[in-house]
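The sequence and structure come first.

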Amino acid sequence: MRLQACFLGLLALFVTGKCSYSPEPDQQLALPPGWVSLGRVDSEEELSLTFALRQQNVERLSELVQAVSDPGSPRYVGGLHRFPPTSSLRQRPEPQVSGTVGLHLGVTPSVIRQRYNLTAQDVGSGTTNNSQACAQFLEQYFHDSDLAEFMRLFGGNFAHQASVARVVGQQGRGRAGIEASLDVEYLMSAGANISTWVYSSPGRHESQEPFLQWLLVLSNESALPHVHTVSYGDDEDSLSSAYIQRVNTEFMKAAARGLTLLFASGDSGAGCWSVSGRHQFRPSFPASSPYVTTVGGTSFQNPFRVTNEIVDYISGGGFSNVFPQPSYQEEAVAQFLSSSPHVPPSSYFNASGRAYPDVAALSDGYWVVSNSVPIPWVSGTSASTPVFGGLLSLINEHRILSGRPPLGFLNPRLYKQRGAGLFDVTHGCHESCLNEEVQGQGFCSGPGWDPVTGWGTPNFPALLKTLINP
């Protein structure tokens with residue numbers, strides 16, 4: 001009866017725009033921890049619903065993802081499709097010397113290209129079907145005029161595109177958001193001269209990002225960009241288990257199709273919340289999904305010089321309380337937990353959970369153009385994520401031109417190669433609970449993988465050499 005009443009209520013909602021079903025007092029749904037009921041919604045309030053059916057054979061899907069994404073598997077293809085080249089691969093000139101020192105007054109595309117050793121020739125050819133995308137949520141929008149001005153100011157020393165190739169979804173006409181502006185400008189300057197799409201999902205799910213709505217759009221499209229970057233996330237505990245698992249299934253589908261999904265690790269360090277009177281770290285989702293590549297953040301050791309990187313203390317990282325640790329990272333995580341001298345008390349985190357981030361990039365002090373105004377010192381893993389994604393798009397360009405498939409789901413390969421092609425970040429810790437036991441410190445970086453900066457930040461020529469082969 002309860003299911004029937006709920007179905008009839010939803011049917012009434014579709015037919016009349018109003019739902020007449022009200023649960024009995026003993027049927028009230030439990031609120032997630034930390035949520036507060038504000039009473040009934042007004043009867044005239046519009047409600048947007050997304051129906052996503054429970055998926056079958058999820059275990060087989062997981063096995064398929066592993067088979068097509070692991071370079072050691074005989075079924076490895078990077079995903080269930082191939083994209084033949086439309087041109088020949090160009091010779092890449094010798095890179096500049098790693099570690100070159102230069103002064104700067106904030107991170108710009110030139111600083112990114114200098115630090116990560118890109119030359120002027122490291123851009124898209126414009127002759128392939130290579131493409132990349134970012135997603136915007138929460139009423140965040142970009143302006144074409146801001147992108148054009150950003151490229152006029154900061155894109156003079158490399159070939160680039162100054163307009164988005166395609167917007168999927170509703171693009172608002174209000175003020176531009178700094179988040180959306182940042183994502184588009186740095187994806188298109190790092191992955192320079194590569195066709196770029198923007199997926200716009202301005203609605204909300206449980207007052208937060210409608211990730212499932214965006215993912216269902218991807219699942220229903222046959223031709224998609226190869227790399228997708230997302231600079232949004234929520235506390236893992238703030239979403240229902242059913243919703244998180246359903247979203248995660250869509251991530252599995254994307255991985256099986258050969259898409260590379262990158263998510264920001266968050267800007268709250270290890271996070272912190274109180275559970276039954278005890279402090280614990282607070283993981284983020286979708287950063288904690290085993291089927292996405294999660295990007296942490298770094299800063300320059302000297303704030304005004306293009307030199308070595310250290311941990312950006314806000315860089316999100318830790319261990320999932322929902323998803324078990326995937327096999328591809330077990331060895332790396334065990335090595336960290338057994339060798340790091342700064343592992344927090346075990347009661348603060350789930351050592352058997354999915355550990356993140358996987359990689360990192362600069363996240364501190366960016367210049368962004370938004371609403372026609374150049375804005376300095378914008379920071380967050382929202383910046384590091386499109387930068388890393390753009391560089392992966394450049395590597396896809398080389399792979400496509402040489403007759404290979406795009407990279408696809410990167411994590412199994414990334415951990416198998418133990419961070420080859422990346423600058424290892426070994427200094428710094430991120431923030432966490434402000435109490436006497438941990439005194440605001442979460443995890444600390446060290447040699448190899450760590451739950452603050454992952455395997456490290458990109459050294460483009462070395463990363464290209466590592467990832468160009470099948």
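## A residue in a strand

In which strand does Thr196 lie? Thr196 lies in strand 3; strands here are DSSP runs of E with at least two residues, helices are runs of H or I with at least four, and both are numbered from the N terminus. The model is predicted, so local features need pLDDT of at least 70 and side-chain atom pairs count only at pLDDT 80 or more, while totals for chains, interfaces and linings use all residues. Residues are numbered from 1 along each chain as its sequence is written, and side-chain values use heavy atoms, with hydrogens and water left out.

Thr196 has a relative accessible area of 0% and is therefore buried (buried means under 20% relative accessible area, exposed over 50%, partly exposed in between, with a 1.4 Å probe and protein chains only). Its side chain makes a polar contact with the side chain of Gln132 at 3.0 Å, and also reaches the backbone oxygen of Ile194 at 2.9 Å. A polar contact is a pair of N or O atoms within 3.5 Å; within protein, one must be able to donate a hydrogen and the other to accept it, and residues adjacent in sequence count only if both atoms are side-chain atoms. With neighbours within four places in sequence left aside, Thr196 is in contact (heavy atoms within 4.5 Å) with Gln132, Val164, Ala165, Arg166, Leu187 and Met188.

## Overall make-up

The protein has 11 helices and 20 strands. Of its 470 residues, 54% are buried. Among contacts between residues at least 6 apart in sequence, 81% join residues at least 24 apart.

## Helix 4 and helix 5

The axes of helix 4 (residues 144–154) and helix 5 (residues 178–190) come within 10 Å and cross at roughly 45°. Axes are lines fitted to C-alpha atoms, for helices over the stretch in contact, and angles run from 0 to 180 degrees between N-to-C directions. The two helices are therefore oblique to each other; angles under 35 degrees count as roughly parallel, over 145 as roughly antiparallel, 65 to 115 as roughly perpendicular and the rest as oblique.

On the helix 4 side, Asp146, Leu147, Phe150 and Met151 take part; they meet Ser181, Val184, Glu185, Tyr186, Met188 and Ser189 in helix 5.

## Helix 6 and its cover

The buried residues of helix 6 (residues 211–219) are Phe211, Leu212, Trp214, Leu215, Leu216 and Leu218. Their cover includes strand 1 (131–137), strand 3 (195–201), strand 4 (227–230), strand 5 (234–235), helix 7 (241–256) and strand 6 (260–264).

Helix 6 and helix 7 pack at about 30° with axes 10 Å apart, which means that helix 6 is roughly parallel to helix 7. Phe211, Leu212, Trp214, Leu215, Leu216 and Ser219 in helix 6 meet Tyr243, Arg246, Val247, Glu250, Phe251 and Lys253 in helix 7.

## Backbone geometry in loops

Most residues other than glycine have a negative phi, and most peptide bonds are trans. The peptide bond from Phe285 to Pro286 is cis, with omega near 10°, and Pro286 is in the loop between strand 9 (284–285) and strand 10 (293–300). The bond from Tyr356 to Pro357 is also cis, with omega near 5°.

Asn117 has a positive phi, near 65°, and is buried at 2% relative accessibility. Ser276 also has a positive phi, near 55°, but is exposed, with a relative accessible area of 78%.
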